[in-house]
Structure formats: structure tokens, C-alpha cells
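Subject: Two-chain model, handover and findings

Hello,

Here is the structure I promised to send over. Please look through it before reading my notes.

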Amino acid sequence: MTLTRPLTWFVSIFLLGLAMVAFSHAPGSAEIRGITQVATSPIEYSLHAILSPVADFITTVSSYGDLRSQNQRLEADNQRLTAQVAGLQEQLTRTGQLADLAEVAGQHPDVRFLAATVMARDPSNLHDQIEVDRGSDDGVRSGMTVVASGGALVGTVRQTLPHRAWVALVTDSQSNINAVIQQSRALAILRGSVDRRLTMQFVAEGTDVKVGDTVMTSGLGGGYPSGYLLGHVSTVQGQPVDLFKRVAVEPAARLDSLEHVLIQTSFTPGGSAR
Amino acid sequence: MIPSFDDQINWGFALPFFLAAALLQATIGPMLSIFGGHLDILLVLVAGWAVVRSPEEAMIAGPPAALLTGLLAASPIGTPILALIAPIGLALLLRSGGATPRLPSLCAVAAIGSATAIGLDLAIQFVSGARDFIFSGLVPVTLGATLLNVLLAAALYRPLCIGRKRKLVRRTRLSLS
């Protein structure tokens, strides 16, 4: 096959790219994405099962120094473990996770939850999002809140497909949550960032904030229901001359190892929570 | 000057590799990270193919694979397609300058392509209406993604060179005839 004009390619690809970006916001794009993801999910599962140990290995090589000391400590424990015990432990963990989620649902009998399994993470460098196996056909809508075991807030549904949904985690760079520090009752905005860290904004310098304080959703603005655990204050910085304190927060949910979550289907932003 | 396509190309050979890279990108790309930056397997493979083997094959087989990546990610569908423009353009410029494809060229194209892709993603998010980004960590994330992509490019250099000599001989014969 022979082409004659590379410049034609550049113009065509540029226009195609822009058209696809625009199409992403069109109503039909969700259906096409849904079909593609359902069609490729068996291959993705297989690849994930085969390659995840390799990926884990590559990632952990970078922290070799820490792992070496940790490995010596864990070696004695590993000797006691057998494949059968590992299998049972895995089963127990899954049961425990589901029990934790059921406990959260039980704590809020007046709230409707939908259990979902985490399918994938967004490869983007700018966003921190996960994909779950529930979508618009299951009643999931944009803006619904998502919680993990223990009742900690995970994030909010950003985009729905027929059978899948993308959930923007609280650490996402566009995450913006009205929060309250439980001990001092100080209100602030909890923001995510590109490096997936949580910071509290607009905490006045005179506010009494200590490391370990609990941060909850305040419910102000109607974007999130109130009373959900967000995390704990990890560092507090600032000089007396500063207007605001720099407060870092450690998320309560283990966002890097989520497997099952609950979607609060009875809450949509601006609407009333039931 | 950008050269015109005057070579017999075999994009059907490249396409399965690119589609596999797109699936790998969606599956294990997010799991590999340094400083918060993720690996972009498709971008690196297309860049490598364009630099080391044939820009023309990368230009034809790259966009369908990029479209698949866009459909499997949460970002706007066209973002990975637009991200291919920079590495393929650089590969064409290298070829037009008569440079022999070498490892440093490939690493440079992969690095520039990675940084450009992140900038492009940011620009598209901005145009799409996202205004309240917190940019803390953007530099380490960009550096981490670039480092990972350059390492992958270096690892792919030798495999991509397989069969290239035969292709160059065929190309030379064609141009002489």
C-alpha cells in the first residue's frame, strides 16, 4: 500500500482526533465504549491474570532497598504459609470485604446501596479513576457517591456506560469536597491533585488542627452527603503570618487496592439523600 | 522537508502488535508507575516502530489502535490519537534528515512524545471544561511517565530492529530500480 502525502495524514489525524474528542461528549459514545469494553473484557481479564505478577515485580524493583529489609522480616512468616492456607486466606479476605460492605449498608438502612466490583484503573497520568462493573442499566448515575468498606468515601461516579461506570476517586486532580474536621468542626475544601495526594484548603491559620484529626464530608453544597469518613490529618504546616494552614490528609479508604465498593444509588448531587 | 511515502509498506504486520499494545495499555499500564507517572505502551511502540522500522506503517496502523485505547479509557476518545502526531512527526523529521535510526533517537522521541501526550491530555481536559486542576505533582508525574516510557523504548529497540536490515535492503533496491 502506498501513500503520497504525509501532510494529508497529519491533517486527517488531527481532525479525526478532534472529532473523537468532541464525540466523547455525544450521547452515543457511551454505548460504543460500553460495547468495546464488554467485547475486550475477556482478553483484558486474561492479560491481567497473566501479567499482573510481572507488573508487580517491575513496580517493586524500584523499592528494592525497603523490600530487602522487609523481606528478611517476612521470610520467617512465609515459611509457615502453604498454598492451601493462601487459598483459604484469599477466600476469607473476599468474604471479609463483602461483610464489611454489608456492614456499611446495615449502618445506613435508609440509604440504598449497590455493590460493585472494581474492574480497571484509568491509565491517564492526570486522573485517578477506577472502573466498576455497574452502569446506567443498573441505575448508576453521574454524581452518585461511592464508599468502601468501613464507610470511607472512595469518590463519585463521573461517567456511566450501560454496564460500567468510571468513578473519580477523592484523590483525583478534579476532586473537590466540602469537608469538616470532626474535632474542631472547622470547615474546609478537600482537594485531590495530580500526584494523588489530598490537601485541605482554606483552613484558617487560627484553627485548631492536629495530626490524626478525622476529616468527614460536611454535606455543604449538596455535592456529597454528610457524615462520610474521608481520612485523617497527616501533616499540618504553616506560619503565624500565613492566612491559611497547609493541611495534608491521608485517605481512609485504601484507594490503591480497592476490589469491592458500594455505590449510593439514593443520592445524586443537588438532590436529596435517602 | 517531510518526505513523501515511496516505499512498499506492510501495515497489516504492525496492526496486531499495536492492538495488543492497546489492550496491554488498558490492562497493566496503570499498574506500572514511577512517581505517579504511568507507562504508555502504545505510544512507545508506535514511536519505536516509526523511528526504527517504518513511519508509514506506524501512521496507518497506529490510529486504529489509539482509537481502541481511547475507547477503553476514561479520557476523551481522541486523546490517544492526537498523542501519536508528535512521535510520528519527529520520526518523519529524523528520516527526512537522513539519520540512521539509533537508540538515542528512539529514546528522545519517546521522551518528547510522553511529555507531549501529558500536555495534550491537560489541554484537552482544559478545553473540555476542566478549570480547577491542582498541578502539584505534575512535574514528578511527567518525569516518572517519561522515564518509564524511555526505559520501555530502550527495551524495545533490539526487538524492533529484527528484520529491519532486510527491509532497508529491499527499500534500497526499489529506489535503485
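My notes follow, starting with conventions and confidence.

**Conventions and confidence**

This is a predicted model: local features need pLDDT of at least 70, side-chain atom pairs count only at pLDDT 80 or more, and totals for chains, interfaces and linings use all residues. Residues are numbered from 1 along each chain as its sequence is written, while chains are lettered from A and ligands numbered from 1 in the order in which they are written.

The predictor gives the complex an ipTM of 0.75 and a pTM of 0.66. For chain B the average pLDDT is 83 (pLDDT is the predictor's confidence in each residue, from 0 to 100). In that chain, 83% of the residues score at least 70. Residues 1-6 of chain B fall below 50, yet this stretch has 15 contacts in the model beyond near neighbours in sequence. Two residues are in contact if their C-beta atoms, placed from the backbone, lie within 7 Å. Where pLDDT is low, the predicted coordinates should not be read in detail.

**Chain B**

Chain B has eight helices and two strands. Helices (H or I, at least four residues) and strands (E, at least two) are DSSP runs, numbered from the N terminus. The order from the N terminus is α-β-β-α-α-α-α-α-α-α.

Of its 177 residues, 53% count as buried. The cut-offs: buried means 20 or more other C-beta atoms within 10 Å of the residue's own, exposed means 12 or fewer, and partly exposed is in between, with C-beta atoms placed from the backbone. Among the contacts in chain B with a separation of 6 or more, 79% join residues 24 or more positions apart.

Ala14(B) counts as buried because it has 24 C-beta neighbours inside 10 Å. Beyond its neighbours within four places in sequence, Ala14(B) is in contact with Trp49(B), Glu57(B), Ala58(B) and Ala61(B). Val46(B) is 32 residues away from Ala14(B) in sequence, with 9.1 Å between their C-alpha atoms.

**Interface**

How many residues does each chain bring to the contact? Chain A gives 56 residues and chain B gives 55 residues. On the side of chain A that touches chain B, helix H1 (6-23), helix H2 (28-61) and E1 each supply at least two residues. H2(A) makes the largest share, 15 residues. That side of chain A divides into 25 nonpolar, 22 polar and nine charged residues. Here Ala, Val, Leu, Ile, Met, Phe, Trp, Tyr, Cys and Pro count as nonpolar, Asp, Glu, Lys and Arg as charged, and the others, Gly among them, as polar.

**Core**

The largest nonpolar core has 111 residues. Such a core is a set of buried Ala, Val, Leu, Ile, Met, Phe, Trp, Tyr and Cys residues joined through C-beta atoms within 7 Å. Val154(A), Val167(A), Leu230(A), Val261(A), Leu42(B), Val46(B) and Ala47(B) touch the most other members. Helix H2 (residues 41-53) of chain B contributes the largest share, eleven residues. Leaving aside neighbours within four places in sequence, the contacts of Val154(A) include Val146(A), Val167(A), Leu169(A), Leu258(A) and Val261(A).

**Strands of chain A**

Strand E2 (residues 129-132) of chain A pairs on two sides. Strand E1 (residues 113-121) runs antiparallel to E2(A) over three bridges, with Val118(A) opposite Val132(A). Strands pair if DSSP finds at least two bridges between them. Four bridges join E2(A) to strand E5 (residues 165-169), again antiparallel, and Glu131(A) stands opposite Trp166(A). Gln129(A) and Glu131(A) point one way from E2(A), Ile130(A) and Val132(A) the other way, and all are buried.

There is also a closed barrel of six strands, E6-E7-E8-E11-E10-E9 of chain A, with antiparallel pairing. Its twist averages 40° from one strand to the next (axes are lines fitted to C-alpha atoms, for helices over the stretch in contact, and angles run from 0 to 180 degrees between N-to-C directions).

**Two backbone points**

Arg185(A) has a positive phi, near 60°, and is not a glycine. Its place is the loop between E6 (176-181) and E7 (187-191) of chain A. Arg196(A) also has a positive phi, about 60°, in the loop between E7 and E8 of chain A. Which of them is buried, and which exposed? Arg185(A) is exposed because it has 10 C-beta neighbours inside 10 Å. Arg196(A) is buried, with 20 other C-beta atoms within 10 Å.

Best wishes
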